[in-house]
Amino acid sequence: MHQISDQSDGEPPSRKGRPPGPICDTVGVTHRTWLEQVRRRLAASGLTLDDLVSRSGYSKTRLSELLRGKGYYPGWEMTYSVVKVLDIPPWPLRRLWTAAAREAEKKDSWIEDGIHAVPTLGPEEPPIAHRAFKQAMGRPYTAYAQAFLQTEPRARRVVAETFDILWLNWNEATRSSNTPRHAWNLLRAKVMERAETHDGRPDLRAAALRTTAVAQAAGPDECLSRIAQMVSFFEAVSRLPDDQMDVTVLRFLCHVDKDAVPGIIGLPPAITHSLTRHARGALHGLYPGPHPDTLE
């Protein structure tokens, strides 16, 4: 147990029951992700900051800074003290903490020392339904993420983050009227947080280099011609409404079978078919050139 220190840094003392201040604007994307999960669980628990102080053994100042993402990136030992009090599944939270530590440019030795300072977490036991959902959606989720993030390692990190957040909120996800849609919206949000943009829309131009049309070009001149064509086409795709863009990316760029798309994005087949049809019509208006065969 750590010694509880007095209030410091000139901050006014928190009133009992007062919620923590807002997350600092300087917090990284992954750091914000796990902070939001912890703050949500704190709010749902009914515990106050004073309760956290008494149960974790850390001072109000340090816990307030942790919950706001203020100052130095928090060590795992202090973070785990809050995770344990709030009964948060520690495995997914520790993975998010580790990813955010790397995002904050912490050395591997610092991360490992922090992890070793905490007792073994025990077996990792995600809900069985969550594990099955992860197995089913891992491949199409990764393909979709890579379309916007370009490299497979970046895509896999975002997909892993999505599944960890789902685990932390699995009861909420399964209580929703449409769990696949809930999960897809989460994945999409996490991908778009990191995607490059062009004219205010996700930048898909680099995806042109990975198309079958470019790969099958007969020579350098044809390759350059097809790249220019695909770049223009994907600029048009990026200007579609979100659901139409998602369906088009999954069908053409990710090569997902049309019958599998509804289950992935959590929409009925009739709506997905309508989105595809509207996307075709919109693309003919946005990009009058020849379209990939898979959109016909």
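The model is a predicted one. Its largest pocket has a volume of about 340 Å³, and its largest nonpolar core holds 79 residues. Helix 4, which spans residues 76–85, is mostly covered, and positive phi values occur at Asp87, Gln150 and Asp199.

**The largest pocket**

- The lining of the largest pocket is made up of 14 residues, and those that lie nearest its centre are Thr30, Ala99, Arg157, Glu161 and Arg194.
- Helix 5 (90–103) and helix 8 (152–168) are the elements that each give two or more residues to this lining.
- Sorted by class, the lining residues comprise eight charged, four nonpolar and two polar ones.

**The nonpolar core**

- Within the largest nonpolar core, the residues that touch the most other members are Trp34, Tyr141 and Val249.
- Helix 7, covering residues 128–149, gives the most to this core, contributing eight residues.
- Leaving aside residues up to four places away in sequence, Val249 touches Tyr144, Ala147, Phe148, Leu204, Val237 and Cys254.

**Helix 4 and what follows it**

- Of the ten residues in helix 4, seven are buried, namely Trp76, Met78, Thr79, Tyr80, Ser81, Val82 and Val83.
- The cover over these buried residues includes helix 1 (29–45), helix 2 (49–56) and helix 3 (60–68), together with helix 5 and helix 6 (108–116).
- Asp87 follows helix 4, and its phi is positive, near 55 degrees.

**Positive phi values in loops**

- Most residues other than glycine have a negative phi, which is the background against which the next two residues can be read.
- Gln150, a residue other than glycine, has a positive phi near 80 degrees and is found in the loop between helix 7 and helix 8.
- Gln150 counts as partly exposed because its relative accessibility is 38%, a value that falls between the 20% limit for buried and the 50% limit for exposed residues.
- Asp199, also a residue other than glycine, has a positive phi near 55 degrees, and it is found in the loop between strand 1 (197–198) and strand 2 (201–202).
- Asp199 has a relative accessibility of 72%, and therefore counts as exposed, since that class begins over 50%.

Conventions:
Residues numbered from 1 in each chain as written. Predicted model: local features only at pLDDT ≥ 70, side-chain atom pairs only at ≥ 80, totals over all residues. Heavy atoms only, no water. 1 Å grid on protein atoms, 1.4 Å probe; cavity = no way out; pocket = protein on both sides within 12 Å on 5 of 7 lines; lining within 4 Å. Points joined across faces, edges and corners; volume = space filled by probe spheres on them. Helix = DSSP H or I, 4+ residues; strand = E, 2+ residues; numbered from the N terminus. Nonpolar A, V, L, I, M, F, W, Y, C, P; charged D, E, K, R; others polar. Core = buried A, V, L, I, M, F, W, Y, C linked by side-chain atoms within 4.5 Å. Buried < 20%, exposed > 50% of the residue type's maximum accessible area, 1.4 Å probe, protein only. Contact = heavy atoms within 4.5 Å.
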